[in-house]
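Take a look at the model, and then we can go through it together.

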Amino acid sequence: MFMVVPIAGLDIANCPENKTWAILLMGVLNFLVGWFNGMGWPPCGRVMTHWFSQNERGTWMSFWNCAHNVGGGLVGPMATYGAMWFGSWFYGNNENLYFLAGTFIFPAAVALLVALVAYCLLRDNPQSCGLPSIEKWRNDFPKNYSEKSEQVLSTKEILFKYVFNNKMLWFVAIANAFVYMVRYGALDWAPAILTDKGIDLKSAGWAYFAFEYAAIPGTIICGWISDKVFRGMRALPTIIFMALVAIFIVIYWQAGDNMTLNLIGLVGIGFFIYGPVMLIGVQALDLAPKNAAGTAAGLTGFFGYFFGTAVLANTLMGYVSEVSMDATFIMLIAACGLSILFMAFTYGEERNLISKK
């Protein structure tokens with residue numbers, strides 16, 4: 001019953017004479033996907049703070065963050081097999097519409113199934129299972145830890161005492177907007193940039209694939225380094241990785257139609273950009289008390305997805321690319337520089353928290 005309206009809408013939108021309806025429907029679906037996607041990170045971040053202490057959080061959250069890339073890589077196979085397995089069930093002999101089942105219905109059903117499994121298996125915190133807090137268990141107490149961190153706070157306390165008046169969180173959130181601009185600016189515009197350079201669409205697709213999967217080892221290495229080398233500090237490894245991203249953006253920019261150099265540039269960007277994406281989220285959790293972690297994560301996530309992705313990477317870069325593709329690369333390099341600047345503002349406070357644990 002719940003499938004009838006969206007499927008009917010997709011049937012109508014699929015008709016070539018209904019382009020306006022198709023664009024409107026696509027916008028609504030993208031909004032809903034973004035809305036529900038945005039609801040995922042804050043509770044995940046909150047759960048992470050309760051089950052992993054500060055000195056191990058970077059490593060374990062780097063594994064968790066690879067879900068971006070695993071999911072992105074599975075989109076193609078899921079769409080293909082979803083169409084094969086369920087296309088005839090929904091659309092009978094109308095094979096032209098099978099892709100709707102593969103690209104919309106099957107992935108949504110899988111997401112709902114995973115959400116149900118998570119709901120059944122996840123627990124709010126160790127105390128709800130009769131266990132001590134993770135800080136007591138590992139004897140790993142950050143400077144801003146207190147017993148009150150385990151208590152439930154009112155919405156007013158969370159927002160106005162621990163989040164909105166925390167200037168370090170604002171610096172992290174603004175940095176996150178520029179990191180997301182680079183992430184989605186490089187990822188979403190890769191096919192357009194590569195074809196503009198004269199590279200065929202098939203090769204561009206493989207470059208897109210390489211970008212996503214180079215991120216997995218890069219993210220894990222970045223998280224491990226932040227825990228083991230920098231002793232739980234997030235700002236400095238983020239700065240280093242963003243500087244390396246800028247170098248690979250220059251390689252990507254100057255590669256011309258040389259596919260090997262373009263691939264090196266994109267793989268380098270993918271390898272190094274997802275570490276900062278992950279670490280900024282971890283740093284937001286580190287800078288806020290555990291009972292305000294979800295809201296702190298939500299603030300940085302909002303800046304990343306709304307300002308970094310929708311406003312800067314999609315809208316602004318879209319306008320700029322019509323004028324000059326070179327200007328888009330300049331924007332990406334500038335975004336790297338601004339992310340480094342705002343992360344540098346947090347370095348002193350973070351070092352103070354680590355040194356006085």
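Why does Met 39 count as partly exposed? Met 39 has 41% relative accessibility, and partly exposed means between buried (under 20% relative accessible area) and exposed (over 50%), with a 1.4 Å probe and protein chains only.

Before going on, a note on the model: it is predicted, so local features need pLDDT of at least 70 and side-chain atom pairs count only at pLDDT 80 or more, while totals for chains, interfaces and linings use all residues. Residues are numbered from 1 along each chain as its sequence is written, and side-chain values use heavy atoms, leaving out hydrogens and water.

Met 39 sits in the loop between helix 2 (19-38) and helix 3 (41-51). Together with Trp 21, Leu 24, Val 28, Phe 31, Leu 32, Trp 35 and Phe 36, Met 39 makes a nonpolar surface patch of about 830 Å². Such patches take residues with over 30% relative accessible area and no salt bridge, nonpolar side chains being joined within 5 Å; a salt bridge is a Lys or Arg side-chain nitrogen within 4 Å of a carboxyl oxygen of Asp or Glu.

Here are some values for the chain:

| Feature | Value |
|---|---|
| Secondary structure | 15 helices and 0 strands |
| Buried share | 45% of 357 residues |

Helices are DSSP runs (H or I, at least four residues), and strands are E runs of at least two. Areas come from the Shrake-Rupley method.

Inside, the largest nonpolar core has 69 residues, of which Val 245, Ile 269 and Ile 273 touch the most other members. The largest share, 14 residues, comes from helix 9. A core joins buried nonpolar residues through side-chain atoms within 4.5 Å.

Key
Patch = residues over 30% accessible without salt bridge, like charges linked within 9 Å, V, L, I, M, F, W, Y side chains within 5 Å. Areas by Shrake-Rupley, 256 points an atom, 1.4 Å probe, with all protein chains shown as cover.
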